[in-house]
Structure formats: C-alpha cells, structure tokens
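This briefing goes through a few local features of one protein model. Please keep the sequence and the 3D view open while reading.

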Amino acid sequence: MSVLLETSLGDIVIDLEVESCPKISENFLKLCKVYYYNLNAFFNVSKNFLAQTGDPTATGTGGESIWSWMDQQQNKKSDTPRYFTPELLPKLKHTSKGTVSMAIAPSVEGSTGGGAGSQFFITLADNIEYLDGKHAVFGHVVEGFDTLDKLNDVFVDDNGRPLKDVRIRHVVVLEDPFPDPPSLSALIPPSPPTRPPDNSNRIAEDEDLSTTLPEDVEEALRREKAAKASALTLEMVGDLPFANVRPPENVLFVCKLNPVTRDEDLELIFSRFGEVMSCQVIRDKKTGDSLQYAFVEFDKRDDAEQAYFKMQNVLVDDRRIWVDFSQSVAKSNGIWSNDPKRPPAFKREERRGGGYGGREDLVATKRYRDNEDEDEGGRGYGMVFDVPSGKSRDRDRRRRSRSRSPPRRERDRDRRDRDRDRDRRDRDRRDERRR
C-alpha cells in the first residue's frame, strides 16, 4: 500500500507496513484522504538525522488522530482521545535512510503511555539506533531519494525550521485497503486547501530568490516604495488629505518668473491654449513680493498638456520660464490659496479647510505655550518652570525688531517708490511691444 507525497522539492513515494502496523496505517491513510497533510510544512529538519512534518500548526505541539478529528468536525463531545496507542514493534527499526515513523508524544491525555497523532518524520541517514523503541516505524521510502537529499541540504534556523518553507503540496493515496468509517465520506472537503494552515513568515516555498529583475525595474520599485512611505508620513502629519491622493492633471506649475510678472499677464499668455480657470502668482504674505512661481489651472486636461509642450523655455518678461505639471495637492487639502489680500483674521478652521490639515476629522494637538489658542486672560497655557517658549521668544524678537524698524511714513514712501518703478517698467515694456 503506497502513498505519494508531492512536496515543493520533489515527489516521495512511501510504502506502508499495513500488515504489521494496521492502526497507524489506517490513521495515516484516512488523514491523507481528508487533505489533512496538504500544505503542511517540514518544521523540523536536522541534517543527516530526520525531517519532521504532519503538524498543521508547524510548532511541534499540534496534530491529532483521524478519530479525534472526525469528532471535532461533527462537533461531538466524546471521550475520543487526541492521540491513539500505536504499534511499537521491535523488529521495525531505523536501519536505512528513508524510514518513515510516527512521532510518539510523551503521554496520551495525561496517561503514562505514549501516543501518536498525525506527526511523522522521515530519516535522512542510515542506522539511527537512537530512535529505535521511541517512535513507531510504519513505512519506507521507495522513490524520491533525490528529494530526501535536497531536504537534507536546506538551510535552517536555530530551531531547525527551514528558512525557506518546504511543504507537502498534495498527497495521493495510491491504494487503501481499509474501509472508510460511515461518517468519513461526508467530512471529506470538496477540494484541497489553497492556503497553508499555519501563519508562516518564512520565504514562501514557491518564491525563487535567485531570480533578479533588471536594474531599472528594481530602481522603479524602490522609488515606488519610498514614495508610498513618504506619502504615508505626510498623511500622518496632516500635510496630505490621504496617502493615495494624486495631483490634479489640469494644473501647471510655472517657475523662474520675472518678479514684475502679474497674474493678468500670465493668464493672457496661457489663455490662448484654452480656458484658464485660475492663474495665480504666489506672493509673500507680508511684503506682497512675487516668489517667482505660479499655478495655472485649465478647464481641460488636453489644454494643460498643450500649454506644457508649447510654453516650455519661452521668454516671458525677459525671463526663460520653466513649465511642469503641478505636483501639489494643497488645493485638495483646502489650503491652496496664498493670496496676501485675504483677511488675516479669518478663522483657523476656514484657513485649513476645516478640522486640521484640510481634514474635518482631524483635530490639532495642543502643546502648552506653543498652542495658537489663548484663554480669556490672553495668557495661554503656563508651565511649572516659566521658561520662555519658542513662540514667546519670537514674539519678543518681533517687538525688538519693530522698535528698530523705520517709521511708518518711511515704509509707505518706499512701497510707493517700488510701485512707481514697477508701473514705469510695465509702461516701457508696452511701448516696446507697440514699436
């Protein structure tokens, strides 16, 4: 009577000692019929000694007999023990490589005798007398010794578990002389399992570490993983509404602008490619000076693509501009606008788009004196040791700089001079265009 084990390293054919060990053979064959051993891992491999499997948990403490398994499947509360008493015959010894033995536990449900469940092992060397009389031999390998050699050479950890899983993919019963119990046929699963019964974090048995990808593909995968990690970090700190957000495809980023370039001029230039929904030159909130970059939003994506190809490196106000698709998602986050003309005293919730970081379900964490809110007395949160916080130091620094700053009349005169110079340059530029 034979059984075929299809493993991840090759096939193994086992002949059973049915006449000498009927109880063990029946238990083993019926467990094979209900796919009990399918996708089980070899959890203990000792070089030139043995390879052990048959435990669904892959810990060495699991496994049960077919009779105990049947009772559990039927939800019966019976006195059927987890283990059974195997045939331990002195004439069957571990004399040759490929001997198959049922592992015997120290006790059977608290009794003094030993018992067997579902765990078995295959010897990987000859004349292992140490196992004689301790474990029950019930079969021998007749085909697949090359598979045993591969199993003997696998790399294992300190506990003897292979670093790369070696599993029984499928079991085929070639011949079964024992009749099935009356209730067994109804308990046989309709198909073999597709997932391993244990939660393994090892290298998968079908994973090949020797295969290498092209260098450009590996670099692309590394960049994708780094981008996902960075996006998740930005989501956690509130800079992104969610990690998988994508920038709009109809918004262009224009940089290297001349400081005198205005929103109206840029919108007039880009409007020839299509309808411009908004065009904004980003300016400093305090001084109103241009930061020399802008965002141009088109109504259609095709218009933005055409402007991207046509306006690259074009001369605008004596400057070669650079055009690219916007990578900013601040508009989706509710804080896209940087218009210095907006009222400075609007609520924080409105500025951030509601909640915190543009998300209504987030709340800003209060950090003692660094909190933006202050109590009715106008003092904010105090501490046991009154050490000036960073915000209070900045406030003191602004007071000192304000005391050293020029009078308001001089600042207004300087601002008017700058506006006059800018208007003069615009007028000269229009005269040159007319000529």
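A surface patch is made of residues with over 30% relative accessible area and no salt bridge, where like charges are joined within 9 Å and nonpolar side chains (Val, Leu, Ile, Met, Phe, Trp, Tyr) within 5 Å. A salt bridge is a side-chain nitrogen of Lys or Arg within 4 Å of a carboxyl oxygen of Asp or Glu. The model is predicted: local features need pLDDT of at least 70, side-chain atom pairs count only at pLDDT 80 or more, and totals for chains, interfaces and linings use all residues. Residues are numbered from 1 along each chain as its sequence is written, and side-chain values use heavy atoms, with hydrogens and water left out.

**Surface patch**

- Leu232, Leu234, Met236 and Val237 make up a nonpolar patch on the surface, and together they have about 390 Å² of accessible area (Shrake-Rupley method, 1.4 Å probe, with only the protein chains shown as cover for residues).
- Methionine 236 belongs to helix 5 (residues 215-237); helices (H or I, at least four residues) and strands (E, at least two) are DSSP runs, numbered from the N terminus.
- Methionine 236 counts as exposed because its relative accessibility is 68%; buried means under 20% relative accessible area, exposed over 50%, and partly exposed in between (1.4 Å probe, protein chains only).

**Aromatic rings**

- The structure holds 12 aromatic pairs; rings of Phe, Tyr and Trp (its six-membered ring) pair if their centres lie within 6.5 Å, and planes under 30 degrees apart count as stacked, over 60 as edge-to-face and the rest as tilted.
- Phenylalanine 270 and phenylalanine 298 form an edge-to-face pair, because their ring centres are 6.5 Å apart and their planes stand at 65 degrees.
- Phenylalanine 270 is in helix 6 (residues 263-270) and phenylalanine 298 in strand 11 (residues 290-298), so this pair ties together parts that are 28 residues apart in sequence.
- Both phenylalanine 270 and phenylalanine 298 are buried.
- Tyrosine 308 and phenylalanine 325 form a tilted aromatic pair, with 4.9 Å from centre to centre and 40 degrees between the planes.
- This pair links distant parts of the chain, 17 residues apart: tyrosine 308 is in helix 7 (residues 301-310) and phenylalanine 325 in strand 14 (residues 322-325).
- Tyrosine 308 is partly exposed, at a relative accessible area of 23%, and phenylalanine 325 is partly exposed at 25%.
- One aromatic cluster is formed by Phe28, Tyr36, Tyr37, Phe120 and Phe138.
- The charged end of lysine 23 sits over the ring of tryptophan 67, 4.3 Å from the ring centre (NZ of Lys or CZ of Arg within 6 Å of the centre and within 35 degrees of the ring normal).

**Strand pairing**

- Strand 2 (residues 10-16) and strand 7 (residues 136-143) run antiparallel and are joined by 4 bridges; two strands pair if DSSP finds at least two bridges between them.
- In strand 7, glutamate 143 stands opposite valine 13.
- Strand 5 (residues 99-105) also runs antiparallel to strand 7, with 4 bridges between them.
- Valine 100 stands opposite glycine 139 in strand 7.

**Loops**

- Tyrosine 35, although not a glycine, has a positive phi of about 60 degrees, and its place is in the loop between helix 1 (22-33) and strand 3 (44-46).
- Aspartate 317 is also not a glycine and has a positive phi of about 55 degrees.
- Aspartate 317 is in the loop between strand 12 (315-316) and strand 13 (319-320), and counts as buried at 10% relative accessibility.
- Tyrosine 83 lies in the loop between helix 2 (66-73) and strand 5, and is buried, with a relative accessible area of 14%.
- Tyrosine 83 and glycine 117 are 34 residues apart in sequence, and their C-alpha atoms are 4.8 Å apart in space.
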